[in-house]
Amino acid sequence: MKKRSALIIIFTLIVGLSGLSSKTFAETAKNNYRLYCSQCHGLTGNGEGIDKPTMGVAPKIHNNAEEMIKLKDADIYTVTAQGGASVTKSALMPPWEGVMSEAEIKDMVKYLRELCNCTEK
Amino acid sequence: MKMTKLTCLILFSLALTLPVRIAAAGDGKTIIEKNNCGTCHKMEGPAAKTFAEALSRKAPDLFYAGSKFQEEFLVEFSQKPYQIRPAGTLYLNHVKTVDGVDRIQDPPLCASRLSKEDAVLASKYLMTLKDPDMKIGVYKPGASFFKIGAKMIFTKSVACIGCHQVKKRGKIVGGTSGSSLYNAGSRLNGDWLSSYIRNPHYWDPMSPMPKWDLGEHAWMQLTNYIMEMKE
């Protein structure tokens with residue numbers, strides 16, 4: 001009985017403390033997109049973000065189904081997590097794995113699929 | 001006996017200046033409160049931790065101003081502010097899609113117009129707002145570094161220029177979502193910059209800045225390179 005109570009206390013503590021992390025991960029993928037991606041890829045995902053004009057390489061157009069259909073979900077995950085340089089693309093696309101959690105990046109892949117209204121081939 | 005007199009004299013002089021210093025910082029706090037700086041700036045931590053909190057932020061947090069800024073900059077800026085972030089504190093609040101292209105919509109300018117005297121006192125107070133955990137002495141002003149390598153990091157491998165404006169042959173170039181850096185060396189504390197570029201989310205959990213995994217040498221090069229940008 002005592003063992004059971006101790007386990008309940010430990011479980012409660014773990015759940016409670018996880019809520020005290022530096023960032024509340026209740027943010028939706030759309031909010032993350034607006035915060036981390038829209039400055040280059042545009043608020044609507046059309047690649048016309050405010051930072052685009054000075055970029056040597058045009059940002060990916062996320063609402064373009066013809067282009068996005070060519071990408072595998074796993075590739076989108078890798079580029080989002082590890083940045084463009086990890087797949088020999090532009091380093092202007094930074095790595096987000098230290099900023100967004102694995103779950104958030106997975107949600108981001110789903111959100112990009114919503115933007116293009118497409119799935120991988 | 002002579003030493004005792006000298007010690008007394010030193011202590012007396014210190015005693016005279018100490019209340020003045022405390023009064024200066026105290027007066028500065030009053031000036032900041034009277035001018036409602038806290039309406040836009042967070043004067044106490046913690047920093048925003050949710051998307052909604054980040055959106056509601058009107059101006060940069062000042063509760064660690066003493067770690068982040070140089071005092072001379074604060075004195076000048078609080079008298080005559082200018083736009084450091086071309087798209088405002090958070091670009092999301094000042095960007096609209098017009099004809100399919102995102103455009104910056106006149107972000108508001110800091111309303112501070114302090115007199116020189118008030119600016120000096122307010123800045124003195126702001127410089128007391130420090131993060132006790134920030135490492136001091138990491139940035140070595142004037143230390144030699146490989147400028148071409150640092151420039152490569154800034155423009156290519158980390159591509160800071162994608163979001164931050166700098167000056168290139170007198171012309172402003174670079175992205176507009178981040179803070180401009182062409183006068184970073186006369187605005188920021190090098191130790192703070194060094195800490196921020198390594199881990200922006202320590203200072204601001206909702207910073208839109210990515211986190212890179214660079215070696216110590218590269219971080220120092222980047223810090224030195226940015227701190228050399230002065231006006």
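**Close-up 1. Helices α4(B) and α5(B) pack against each other in this predicted model.** Residues 71–79 of chain B form α4, residues 116–126 form α5, and the two pack at about 135 degrees with axes 8 Å apart. Helices here are DSSP runs (H or I, at least four residues), numbered from the N terminus; axes are lines fitted to C-alpha atoms over the stretch in contact, with angles from 0 to 180 degrees between N-to-C directions.

**Close-up 2. Cys116(A) and Cys118(A) are joined by a disulfide.** Their sulfurs sit 2.1 Å apart (a disulfide is a pair of cysteine sulfur atoms within 2.5 Å), and a search of the whole structure turns up 1 disulfide over all chains. The link is left-handed, with -85 degrees about the S-S bond. Cys116(A) is buried at 4% relative accessible area, and Cys118(A) is buried too, at 9% (buried is under 20%, exposed over 50%, partly exposed in between; 1.4 Å probe, protein chains only).

**Close-up 3. Cys110(B) is in no disulfide.** Its nearest cysteine sulfur belongs to Cys37(B), 7.1 Å away. Cys110(B) is partly exposed, at 26% relative accessible area.

Residues are numbered from 1 along each chain as its sequence is written, and chains are lettered from A in the order written. Local features need pLDDT of at least 70 and side-chain atom pairs 80 or more, while totals for chains, interfaces and linings use all residues, and side-chain values use heavy atoms, leaving out hydrogens and water.
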